[in-house]
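Reader: I'd like a close look at one part of this model. Please keep it brisk.

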Amino acid sequence: MAEPWRDRARRAVEWNWRLRSVGDPRPHYVICGKDALAYYVARAMLESELPAGGARVTVVVPERYRSNGPDVAGLRGVRVVRSDRLDVATFEAAGLAGATGLALLHQDDVGNLHAALCAQAVDQRVRQVLRMFNGTLADGVRKLLKAPVEVLSDAEMAAPAFVAAALGEVDPSSFQHRDKTLRVARRVDVRPQDVVCALAHLTEAQGVELLPAEQAGADLVLAEATGQPPGTEVAARRLVRARRRRRPVTVLLGAVRGFATRKIGVAVMLVLAVIAVLGALISRTESASPLEALYLTLVTTLSGADPDTTKSAGAQIMQVVLNLAGLALIPLITAVVVDGIVNARLALHTGQLQPARVGHVVLIGLGNVGTRVMAQLREYDVEVVAIDKDPEPRGGALARQLEVPVIVGDAALSETLVAASVADCQALVVASTDDVANLEAALAARDLNPDLRVVLRLFDGDLAERVEETFALGVSRSVSYLAAPAFIGALTERAVITTIPVDRHALPVAEVPVAAGSELDGRPLEVVNRDGQVRLIARTPAGGAKTIWWKDLDPRQVIFPGDRLTVVARRRGLDWLTRQCAPPARPGPVPQPTGAVHSGVHIPTVVPSSVPGPTDSRVAAAAPGAAHPVPPTEGASSTTTGGPPDEFELTRRHDGPGKVS
């Protein structure tokens with residue numbers, strides 16, 4: 001039996017959620033996730049200025065969860081639905097039917113696939129954006145789903161930034177658009193004629209200035225790839241050459257030092273020192289050559305000697321001491337062998353038995369991001385040592401395939417870091433999913449090597465920035481912050497080609513079509529460029545003509561409908577450009593709720609009508625039992641903890657002057 005309208009209205013008041021009226025023109029987006037990526041995507045959709053009045057955002061989170069970074073459920077202006085299972089009932093409660101887009105952002109490939117199939121059962125036309133790590137499964141999802149779908153990997157997008165930071169270079173981002181391949185580089189590494197546009201000006205005083213007005217003074221540029229290797233590849237080759245020049249004796253001594261415990265080693269060294277001193281004294285007493293003295297010392301120590309009472313008292317004392325030293329040396333040698341074998345078996349099982357290394361990269365955490373970072377470093381032939389608490393981490397199979405040693409242990413402990421030779425490594429990349437553990441490991445590594453380059457992963461972008469400034473730990477990265485623009489572009493169906501990470505920022509590269517009658521229709525190209533926000537790099541004329549690149553662009557050229565503008569922009573700049581290229585808003589009928597009123601609750605039906613004039617308003621006010629929408633209380637929260645997205649509007653019934661029921 002259907003739930004009475006009165007009870008549904010009462011629940012709407014209890015949820016503190018003013019449900020939209022029928023015909024709300026704002027686009028509706030449903031976001032499923034609980035971590036920082038879901039937070040950044042939801043916040044960007046709320047702050048988007050593309051639609052008039054903004055967008056409606058519903059987030060689906062588990063009943064009880066703990067967020068490592070910013071909490072998506074705490075955003076103002078979102079509707080929150082709590083459910084531990086993403087099934088048909090949950091999507092119906094979230095109002096997925098008729099929504100503009102759905103983002104499935106949980107770190108569970110199979111769970112996201114199941115959720116996508118359930119969402120398809122609710123609405124086959126809704127655009128879906130899935131977060132997936134497994135590339136093979138992602139290809140299958142694109143073929144399996146009937147709904148328009150985009151599958152992205154935040155780890156794949158963010159890994160190049162970690163690799164570049166570990167090698168002390170800029171992000172080797174490169175992409176192909178139309179007939180050209182573009183890449184990010186330092187200005188000093190490319191020819192002036194290959195520079196497409198300035199990306200950032202890096203200064204210690206003012207920080208990072210994105211898309212600066214002064215093009216010539218920018219440190220980081222977008223350039224045309226002309227066959228030269230990127231800076232990251234050059235740095236990796238240099239590191240490999242330096243590793244091959246290491247002295248093998250140093251490696252051998254390091255392996256010997258790690259074979260036995262410190263106490264046994266000290267005892268063996270003391271006994272050998274006593275034997276050496278007594279051997280030297282015997283050689284002087286017996287007037288023997290060095291070889292004869294060595295022979296007499298070894299025979300006396302290891303097998304004993306026949307007693308000779310005719311020897312002097314000093315010679316007899318030395319002989320007795322050598323015999324005692326021999327008795328002590330044999331058990332010590334046995335202890336060294338047994339201890340070494342036992343330690344080797346334990347160390348091989350946990351990954352602790354590692355030779356001393358120099359110039360390698362230590363990677364903490366073999367999750368989604370860590371696995372991608374490890375794979376890219378090995379592509380450059382950079383030596384990697386991985387640390388993870390889990391004996392079978394997600395990237396363990398790939399690590400064995402790439403012959404990367406994995407040390408099982410707590411990265412915050414000094415003995416674990418020593419086993420990985422952190423003191424002599426090129427860089428430390430901390431990429432686990434726990435912010436606290438990442439900070440502890442970074443600080444512990446800095447105690448071993450104060451000059452160590454540390455690349456730290458943190459979920460909260462603001463925390464990453466403050467940690468980098470306060471603790472001077474090197475480079476702090478937020479994977480979610482770097483990947484969010486690509487997910488936003490896919491969700492809003494923008495033609496986002498790629499996302500360029502610059503320090504802790506991200507610049508999307510997009511191609512925006514110009515609609516007829518838009519603000520840019522008939523205006524010159526010079527109005528597109530906005531310092532600090534938008535930089536035009538190419539124009540594709542309408543009709544599929546050849547793309548005009550930055551070298552041949554004339555600012556006085558007129559923009560025609562159907563042109564496609566390729567730009568590098570910040571998010572707000574891309575919002576502005578999309579509005580300028582959008583078709584003009586057409587005045588249309590405003591849907592008005594009509595229908596019967598039952599106990600103060602208005603049951604609407606959609607009837608296209610014009611905006612009522614003053615006469616209609618007076619008639620409506622005079623009519624007994626007229627229904628009026630309840631205005632939202634000022635400062636009231638617009639979030640809720642659940643409930644179905646009912647298509648009705650709560651109303652008040654006036655029984656008479658001054659009476660409201």
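Reader: Is C581 buried or exposed? After that, please take me through the second largest pocket.

Author: Keep in mind that this model is predicted. C581 counts as buried, because its relative accessibility is 3% and the cut-off for buried is under 20%. C425 has a relative accessibility of 9%, so that cysteine counts as buried too. What about disulfides? The structure holds zero of them.

V268 is 60 residues away from A328 along the chain. Yet the C-alpha atoms of A328 and V268 are separated by 8.9 Å.

Now the pocket. Rolling a probe the size of a water molecule over the atoms shows where empty space is left. The second largest pocket has a volume of about 800 Å³. Its lining counts 32 residues. Nearest the centre lie L202, V208, E468, R477 and D503.

Which elements build the lining? Of the contributors, β10 gives the most, with four residues.

Finally, look at the classes. The lining of this pocket has 14 nonpolar residues and 13 charged ones. Another five are polar.

Conventions
Residues numbered from 1 in each chain as written. Predicted model: local features only at pLDDT ≥ 70, side-chain atom pairs only at ≥ 80, totals over all residues. Heavy atoms only, no water. 1 Å grid on protein atoms, 1.4 Å probe; cavity = no way out; pocket = protein on both sides within 12 Å on 5 of 7 lines; lining within 4 Å. Points joined across faces, edges and corners; volume = space filled by probe spheres on them. Helix = DSSP H or I, 4+ residues; strand = E, 2+ residues; numbered from the N terminus. Nonpolar A, V, L, I, M, F, W, Y, C, P; charged D, E, K, R; others polar. Disulfide = S-S within 2.5 Å. Buried < 20%, exposed > 50% of the residue type's maximum accessible area, 1.4 Å probe, protein only.
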